[in-house]
Amino acid sequence: MENLLDELIQNPIIPAVRDKAILQSALNSDCRVIFLLHSTILTIRDEISMIKQKNKLVFVHIDLIEGVGKDEKGIEFLKSIGADGIISTRQNLINHAFSLSLPCVQRIFLIDSQSISSGLKMIENSKPTFVEVLPGVIPKAIYKLSQNTQIPIIAGGMIESKEDVMQALGAGAIAISTSNSNLFSLL
């Protein structure tokens with residue numbers, strides 16, 4: 001995890017790849033970590049390979065990959081083909097990734113003040129490597145979460161401008177994830 005934290009400190013922008021055009025922009029960027037949010041069992045191996053050839057770390061959102069089971073074997077498959085970590089909203093998947101020493105990002109959706117409390121309980125129970133807070137444009141919520149957990153926070157979702165990036169980082173996020181390729185070379 002130390003290496004991953006160092007990579008995010010050097011460049012806190014994480015491309016959130018949803019299609020081939022964004023993947024190409026991410027591969028050509030200085031970003032060191034990529035979140036792969038869309039793929040299929042037929043293409044995931046090649047996409048991970050392309051990312052690894054550029055010496056970048058890749059986290060795969062297991063909940064969004066078509067044809068890969070959203071279960072323990074799915075995590076083991078992703079690890080076996082070179083994924084550096086997984087992303088999930090599911091606590092049981094985060095727990096299994098943790099048992100395999102595979103870094104994991106727990107995604108938390110903030111819709112009201114109760115979701116902050118629920119998110120903190122989920123973090124405490126699953127002990128992810130990172131927490132991704134969505135939407136990432138709520139500095140007050142990012143600050144509150146970062147003050148109540150030792151798990152590093154990544155802000156994601158709806159981050160569309162340099163101002164959004166700076167507010168999220170200023171509120172306590174260590175990095176942001178975005179599919180806006182104009183932000184990949186921001187910092």
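Colleague: Which residues is Ile86 in contact with, leaving aside its neighbours within four places in sequence?

Modeller: Phe59, Val60, Ile62, Ile75, Leu78, Leu93, Ile94, Ala97, Leu102, Pro103, Cys104 and Val105. Contact means heavy atoms within 4.5 Å. This is a predicted model, where local features need pLDDT of at least 70, side-chain atom pairs count only at pLDDT 80 or more, and totals for chains, interfaces and linings use all residues. Residues are numbered from 1 along each chain as its sequence is written, and side-chain values use heavy atoms, without hydrogens and water.

Colleague: Why is Gln106 called buried?

Modeller: Its relative accessible area is 0%. Buried means under 20%, exposed over 50%, partly exposed in between (1.4 Å probe, protein chains only). So Gln106 counts as buried. Gln106 sits in strand β7 (residues 104-109); strands are DSSP runs (E, at least two residues), numbered from the N terminus.

Colleague: What does the side chain of Gln106 reach?

Modeller: The backbone oxygen of Thr89, at 3.1 Å.

Colleague: What makes the Phe35 and Phe59 pair tilted?

Modeller: The ring centres are 5.9 Å apart and the planes are at 55°. Rings of Phe, Tyr and Trp (its six-membered ring) pair if their centres lie within 6.5 Å; planes under 30 degrees apart count as stacked, over 60 as edge-to-face and the rest as tilted. So this pair is tilted. The structure holds one aromatic pair.

Colleague: Which parts does the pair tie together?

Modeller: Phe35 lies in strand β2 (residues 33-36) and Phe59 in strand β4 (residues 57-61), so the parts tied together are 24 residues apart in sequence.

Colleague: How do you know whether Phe59 is buried or exposed?

Modeller: Its relative accessibility is 1%, so Phe59 counts as buried.

Methods. Helices (H or I, at least four residues) and strands (E, at least two) are DSSP runs, numbered from the N terminus. A polar contact is a pair of N or O atoms within 3.5 Å; within protein, one must be able to donate a hydrogen and the other to accept it, and residues adjacent in sequence count only if both atoms are side-chain atoms.
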